Amino acid sequence: MVNCLSVRKADAEKTREFLIKNGLLNEMYKVKNMNDRVYFPLKPGATLNNLIKELPGSELTENVCKLKTKSCTPQLKDLLSSRLPGYDKKIFPRSYDVIGDLMLIKLKNELWNERFNIGSIIKDNFNRIRGVYAKKGGVEGEFRVRDIECVGGECNPVTVHVENGCRYHLDLTKVYFNNRLSSERRRIAEQVTPGESVVDMFAGVGPFTVLIAKKNVKVNAIDVNPDAIFYLKKNITENNVKENVNVFLGKAEEIVETYLVNKADRVIMNLPSNSINYLKYACISLKDTGGIIHIYFFSDVKEFNIKLKKIEDTVKESAYNIKANNVRRVREIAPFKYIYVSDLTLH
Ligand SMILES: C[S@@+](CC[C@H](N)C(=O)[O-])C[C@H]1O[C@@H](n2cnc3c(N)ncnc32)[C@H](O)[C@@H]1O
């Protein structure tokens, strides 16, 4: 049984705000609209005499609001802690990534033996999820692929992810993909102007390349991972941008020196683990007149200035001048460690 507070529709927003602010709204139940009144489910023991006084016409009733059903996305932490009561709630993951119809979770060591139980709880409660994968380590190696294990649902890591209106086929076990960079990719694509020539040095399955090529701009896209190139080609076709993209399988430094010297108005360097060591090649691919380089790099606060200096020195050694250098944090990747991007305008 759940107590509900019913109010006139006109008072609904004010009431909702009051209940949330005072921790009185019971989020396990649905708010109900009925006959010009709105019914708010209340937490057990909520005392509302004051509110009833403040809101003439409000009433307490019982059992009008229904429990939220499976179609409402549950909070992962609440869901898992209610199903696995032997553990401290704090150790359950709060966040997760959804890539296509796959969910990617990170479990603390204490929960690793429960991974298959957790996978099946998630599969049963998240309607859109086909398969659940747990992270076993970080993003590693030249191809920047993450070690993951299937822990629930269908164990097929190939999916289609929709981002910024484009569709990306990918295999989570063979290529890099980070759904948390979608707004950063949009930010870059919005700066690109018609007629530009772009080099995407570390293109992966193409989330920068495809979005930019959609603007009718020519992109040279490079990656060293054959699986990334397989999906990049598929994604170029799927998103109808084949005319605008040249694909290169190989090491960016070699491809640039062989095919792309003085070709680019803009270069994208999304290899934050090692990009600074390739900056020289980004400069080689820029037109003589200069252009823009977006270079992503990892840094904690301490080494930030050293990295920035290295970027500036490399540019100078490449005989360009820095007209502007806008540096911003893209996102936190660990406590006090971030992905930064430096938007360098060179001439
Ligand atoms: C962090 S991922 C970024 C992929 C893509 N830009 C994205 O946003 O999803 C870096 C990519 O660079 C590729 N890579 C690593 N070293 C490379 C090199 N020397 N030349 C070309 N590609 C390289 C990896 O295979 C990987 O796909």
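**Around one alanine**

Modeller: Ala228 touches Val175, Gly204, Val205 and Asp223, leaving out residues up to four places away in sequence; contact means heavy atoms within 4.5 Å. This is a predicted model, where local features need pLDDT of at least 70 and side-chain atom pairs count only at pLDDT 80 or more, while totals for chains, interfaces and linings use all residues. Residues are numbered from 1 along each chain as its sequence is written, and side-chain values use heavy atoms, with hydrogens and water left out.

Biologist: Is Ala228 buried or exposed?

Modeller: Ala228 lies in helix H7, residues 226–238. Helices (H or I, at least four residues) and strands (E, at least two) are DSSP runs, numbered from the N terminus. Buried means under 20% relative accessible area, exposed over 50%, and partly exposed in between (1.4 Å probe, protein chains only). Ala228 has 3% relative accessibility, so it counts as buried.

Biologist: Which cysteines does the disulfide join?

Modeller: A disulfide is a covalent bond between the sulfur atoms of two cysteines. The cut-off here is a pair of cysteine sulfur atoms within 2.5 Å. A search of the whole structure finds one. With S to S at 2.1 Å, the pair is Cys150 and Cys155.

Biologist: What is the handedness of the disulfide of Cys150 and Cys155?

Modeller: Look at the torsion about the S-S bond of Cys150 and Cys155. It is about -80°, so the disulfide is left-handed.

Biologist: Which residue of E10 stands opposite Val160?

Modeller: Strands E9 (158–163) and E10 (166–171) pair in the antiparallel sense over six bridges. Two strands pair if DSSP finds at least two bridges between them. E9 and E10 form a hairpin with two residues between them, and Asn164 in the turn has a positive phi of about 50°. Opposite Val160 stands His169.

Biologist: Which residues form the covered face of E9?

Modeller: The uncovered face of E9 holds Val158, Val160 and Val162. The covered face is Thr159, His161 and Glu163.

Biologist: Which elements do the buried residues of H3 pack against?

Modeller: Helix H3 spans residues 76–83. Its buried residues are Leu76, Lys77, Leu79, Leu80 and Ser81. They pack against strand E6 (102–105) and helix H4 (115–125).
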